[in-house]
Amino acid sequence: MIRHHPAEASLIACAAGTMPTAHARVIEVHAARCPVCAAGLRAAEAAGGALLDALAPAPMAPDALARALARLDTAAPEPAHRAPAFDLAALASGRWRRVAPGIAMMKLLPRDATDSRLDLIRVAPGRALLTHGHTGPERTCVLTGAFADGSGLYAAGDCVEADAALDHAPRALPGEDCVCLIATTHHLRPHGWLGRLVRPLLGM
Ligand SMILES: [Zn+2]
């Protein structure tokens with residue numbers, strides 16, 4: 001059961017296309033598993049479209065109504081869940097890179113102009129990441145397994161949003177590997193000499 005969702009403002013930014021691609025991907029993957037957020041995204045998209053229509057009145061072509069009606073006839077039925085705008089399985093066919101005992105990463109989207117990147121991270125049961133903070137927002141969607149940090153417990157499907165204020169040391173729960181889709185902007189801020197030593201390995 002999904003317990004953690006992106007904020008409403010995040011759904012709106014995702015629908016409006018004003019969010020870095022890496023972060024939007026995390027929300028889309030969550031929404032593909034979460035009917036509540038899928039509906040929220042559709043509502044935000046519809047509201048955005050209505051707003052644009054209101055802002056920019058344009059003269060209608062004489063045959064606009066006929067064409068709109070024709071489109072209705074051929075329109076595909078709305079899927080029950082919003083499908084992700086990209087194929088995660090295909091994207092995730094890359095190579096796992098071991099970054100620490102029990103921890104591996106796969107780069108999905110390289111750092112872009114907004115200084116954001118998208119990665120998969122796989123943490124063996126019981127393993128923890130070093131305590132770290134952030135210098136920008138971080139969004140995570142749990143794909144398999146579960147992890148906990150000081151702020152809560154997150155299981156498959158959950159979406160976790162963290163800002164620069166959060167310091168945490170996520171630990172995978174016993175059972176299966178915890179695989180997460182994670183978007184980060186700017187860099188992690190590791191604590192202690194070990195973290196500073198490891199950060200270049202993570203590339204984050
Ligand atoms: Zn949701």
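How many disulfides does a search of the whole structure find? The search finds 0 disulfides, a disulfide being a pair of cysteine sulfur atoms within 2.5 Å.

## About the model

This is a predicted model, in which local features need pLDDT of at least 70, side-chain atom pairs count only at pLDDT 80 or more, and totals for chains, interfaces and linings use all residues. Residues are numbered from 1 along each chain as its sequence is written, and side-chain values use heavy atoms, with hydrogens and water left out.

Let's look at two cysteines. For Cys 14, the closest cysteine sulfur belongs to Cys 159, and at 9.7 Å it is too far for a bond. Cys 14 is buried, with a relative accessible area of 10%; buried means under 20%, exposed over 50% and partly exposed in between, using a 1.4 Å probe and protein chains only.

Cys 180 is in no disulfide either, and its nearest cysteine sulfur, in Cys 178, lies 3.7 Å away. Cys 180 is buried too, at 5% relative accessibility.

## The zinc site

Next comes the metal. His 5 (ND1), His 30 (NE2), Cys 34 (SG) and Cys 37 (SG) coordinate the zinc ion at 2.1 to 2.3 Å. Donors here are N, O and S atoms within 2.8 Å of the metal (3.2 Å for Na, K and Ca); water is not among the atoms, so sites may look incomplete. The angles among the 4 donor atoms run from 98 to 115°, making the site tetrahedral; for four donors, that requires all angles to lie between 85 and 135 degrees.

Along the chain, the donors follow the spacing H-x24-H-x3-C-x2-C. His 5, in the segment before helix 1 (8-16), and Cys 34, in the loop between helix 2 (21-33) and helix 3 (35-55), are 29 residues apart and link distant parts of the chain. Helices (H or I, at least four residues) and strands (E, at least two) are DSSP runs, numbered from the N terminus. His 5 is partly exposed at 35% relative accessibility, while Cys 34 is buried at 2%.

Now for the strands: 6 of them form an open sheet in the order 1-2-3-10-5-8, with antiparallel pairing. Two strands pair if DSSP finds at least two bridges between them. Strand 1 (97-100) and strand 8 (159-162) are at the edges with a single partner strand each, so one side of each has no neighbour in the sheet.

Strand 1 is joined to the antiparallel strand 2 (residues 103-109) by 3 bridges. Within this pair, Arg 97 stands opposite Met 105 in strand 2.

Conventions
Four donors count as tetrahedral if all angles lie between 85 and 135 degrees; four count as square planar and six as octahedral if opposite donors are over 155 degrees apart and all others between 65 and 115; anything else is irregular.
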